[in-house]
Amino acid sequence: DTAHRLADRLATQLPPQEASVLAHGDLHAGQFLRGDDDTFALVDFDRACRAPAAHDLAVFRAHSLLLDPRHGEAAANAFADAYAIRAPLPHPQVQR
């Protein structure tokens, strides 16, 4: 799948991480369900794995850019910004 090949290529551009984290493995906008109370649930964990912290961010960015050329970059940047509120970005280049 093109998005995963791009994410793998992007991940090789980052410096090595000392530790891996639990990753979703196929993170994109379609993996989130929005509840009536405006909460979100993450679904579809069949590709969950241990990976560098940047993996899911890179996969999300790749999916966003490939599937929505007009709005994908803004969506990926908004996701990275929201991620950064909860935890430090794993690498500064991940954000933009």
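**Exercise 1. The overall layout**

Which pattern does the protein chain follow when read along the sequence?

*Solution.* Keep in mind as you go that this is a predicted model. Start by counting elements: the chain has 4 helices and 4 strands. Now walk along the sequence and write them down in order, and you get α-β-β-β-β-α-α-α. Next, look at burial: of the 96 residues, 32% count as buried. Last, check the contacts with a separation of 6 or more: 60% of them come from residues 24 or more positions apart.

**Exercise 2. Helix 1 against helix 2**

Work out how helix 1 and helix 2 are arranged and which residues make the contact.

*Solution.* Begin with what you need to know.

- Two packed helices are described by the angle between their axes and by the distance between those axes.
- Find the pair: helix 1 covers residues 2–12 and helix 2 covers residues 55–67.
- Take the two values: the axes come within 8 Å and cross at roughly 130°.
- Classify the angle: roughly parallel is under 35 degrees, roughly perpendicular is 65 to 115, roughly antiparallel is over 145, and the rest is oblique. Helix 1 and helix 2 are therefore oblique to each other.
- List who takes part: T2, A3, H4, L6, A7, D8 and L10 come from helix 1, while H55, A58, V59, A62, H63 and L66 come from helix 2.
- Sort them by class: this contact has 8 nonpolar, 4 polar and 1 charged residues.

**Exercise 3. The two sides of helix 1**

Which residues of helix 1 are buried, and which are exposed on the other side?

*Solution.* The buried ones are A3, H4 and A7. They span an arc of only 95° around the axis, so they sit on the same side of helix 1. Turn to the other side of helix 1 and you'll find R5, R9 and T12 exposed. What covers the buried residues? Helix 2 is part of that cover.

Now zoom in on H4, a residue of helix 1. Its relative accessible area is 15%. Leaving out residues up to four places away in sequence, H4 touches G25, D26, R47 and H63.

**Exercise 4. Helix 2 against helix 3**

Are helix 2 and helix 3 roughly parallel or roughly antiparallel?

*Solution.* The axes of helix 2 and helix 3 come within 7 Å and cross at roughly 160°. That makes helix 2 roughly antiparallel to helix 3, because the cut-off for this label is over 145 degrees. As for handedness, helix 2 passes helix 3 in a right-handed crossing.

Now the residues: helix 2 brings L57, F60, R61, S64 and L65, and they meet G72, E73, A75, A76, N77, F79 and Y83 of helix 3. By class, that gives 7 nonpolar, 3 polar and 2 charged residues.

**Exercise 5. A closer look at G72**

Is G72 buried or exposed, and which residues does G72 touch?

*Solution.* First place the residue: G72 lies in helix 3, which covers residues 72–86. Then check the area: with a relative accessible area of 1%, G72 is buried. Setting aside residues up to four places away in sequence, G72 touches S64 and L65. Finally, compare chain and space: G72 and A62 are 10 residues apart along the chain, and their C-alpha atoms are separated by 8.7 Å.

Methods
Residues are numbered from 1 along each chain as its sequence is written. This is a predicted model: local features need pLDDT of at least 70, side-chain atom pairs count only at pLDDT 80 or more; totals for chains, interfaces and linings use all residues. Side-chain values use heavy atoms; hydrogens and water are left out. Axes are lines fitted to C-alpha atoms, for helices over the stretch in contact, and angles run from 0 to 180 degrees between N-to-C directions. Contact means heavy atoms within 4.5 Å. Ala, Val, Leu, Ile, Met, Phe, Trp, Tyr, Cys and Pro count as nonpolar, Asp, Glu, Lys and Arg as charged, and the others, Gly among them, as polar. Buried means under 20% relative accessible area, exposed over 50%, partly exposed in between (1.4 Å probe, protein chains only). The arc is that of the directions from the helix axis to the C-beta atoms. A crossing is left-handed if the near helix is turned anticlockwise from the far one by less than a right angle, and right-handed if clockwise.
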